[in-house]
Amino acid sequence: MIGLWFATVLASSVVIQDATVEIGDGKTLERASVVIDGEWIREVGEHVVIPGDAVLINGRGKVLTPGFIEAYSHLGLDEVSLEDSTVDQELQGSDVSPAFRVADAFNPFSVRIPVQREEGVTSAVACPSGTLIYGQGAWFDLVDDAVVDPDHPVAMFGGADVR
């Protein structure tokens, strides 16, 4: 990951060649190339135009996929689940907490975030947990320093406690 980033900084274009590319709609391209221009993917296919100044990366035997979205996560809210002092996805002492916003409890420096990023997760929804009404979840992007917008919750979470 660092090597690709470094190569992107030095060159105007990077081309990953001969990789198996999962498009994201169920289609797979064998021996395809991906042209990356700065932060943008410019072209994907088996016959792409390779810029003259591009850094070439051999992708043979590798699989490229779109970034994964973790749609229900405690990432940034739960470091070690068996240690109560590191669990922030729940407002303790209340069964109904619609005002609880996980964006306020979110830790962008969580040690779990780089691990998920390395595994291909590029964004996630941080979700509260609880008993009846849990609170408000937040969307965050793992690529850009795990930024959360506290003013725009993505959903209200809740459930039925069937104890």
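1. Y72 counts as partly exposed because its relative accessibility is 45%; in this note, buried means under 20% relative accessible area, exposed over 50%, and partly exposed in between, with a 1.4 Å probe and protein chains only. The structure is a predicted model, in which local features need pLDDT of at least 70 and side-chain atom pairs count only at pLDDT 80 or more, while totals for chains, interfaces and linings use all residues. Residues are numbered from 1 along each chain as its sequence is written, and side-chain values use heavy atoms, with hydrogens and water left out.

2. Y72 has an aromatic partner, F157. Their ring centres are 5.9 Å apart and their planes stand at 70°, so the pair is edge-to-face. Rings of Phe, Tyr and Trp (its six-membered ring) pair if their centres lie within 6.5 Å; planes under 30 degrees apart count as stacked, over 60 as edge-to-face, and the rest as tilted. Because Y72 lies in strand β6 (residues 68–73) and F157 in strand β10 (residues 155–158), the pair ties together parts that are 85 residues apart in sequence. Helices (H or I, at least four residues) and strands (E, at least two) are DSSP runs, numbered from the N terminus. F157 counts as buried, at 16% relative accessibility.

3. The structure holds two aromatic pairs. F106 and F140 form a tilted pair, at 4.5 Å centre to centre and 50° between the planes. F106 lies in the loop between α2 and α3 (112–118) and F140 in strand β8, so this pair ties together parts that are 34 residues apart in sequence. Both F106 and F140 are buried.

4. F106 and F140 also belong to the largest nonpolar core, which has 14 residues; those with the most contacts inside it are V102, F106, A126, F140, L142 and V148. The elements that give two or more residues to this core are α2 (102–105), β7 (121–126) and β8 (133–141). Strand β7 supplies the largest share, three residues. Another core, of seven residues, lies apart from it and includes V14, I16, V34 and I36. A nonpolar core is a set of buried Ala, Val, Leu, Ile, Met, Phe, Trp, Tyr and Cys residues joined through side-chain atoms within 4.5 Å.

5. How many salt bridges does a search of the whole structure find? The search finds five, a salt bridge being a side-chain nitrogen of Lys or Arg within 4 Å of a carboxyl oxygen of Asp or Glu. D18, R31 and R60 are linked in a network of salt bridges. The side chains of R31 and D18 meet at 3.5 Å, N to O. R31 lies in strand β2 (residues 28–37) and D18 in strand β1 (residues 13–22), so the pair ties together parts that are 13 residues apart in sequence. D18 and R60 meet at 3.2 Å, N to O. This pair links distant parts of the chain, with D18 in strand β1 and R60 in the loop between β4 (55–58) and β5 (63–64), 42 residues apart. D18 is partly exposed, with a relative accessible area of 24%.

6. A further salt bridge joins the side chains of K27 and D25 (3.9 Å, N to O). K27 and D25 are both exposed.

7. On the surface, I23, I41 and V44 form a nonpolar patch with about 250 Å² of accessible area together. V44 lies in strand β3 (residues 40–45) and counts as partly exposed, at 38% relative accessibility. Patches are made of residues with over 30% relative accessible area and no salt bridge; like charges are joined within 9 Å, and nonpolar side chains (Val, Leu, Ile, Met, Phe, Trp, Tyr) within 5 Å. Accessible areas come from the Shrake-Rupley method with a 1.4 Å probe, and for residues only the protein chains shown count as cover.
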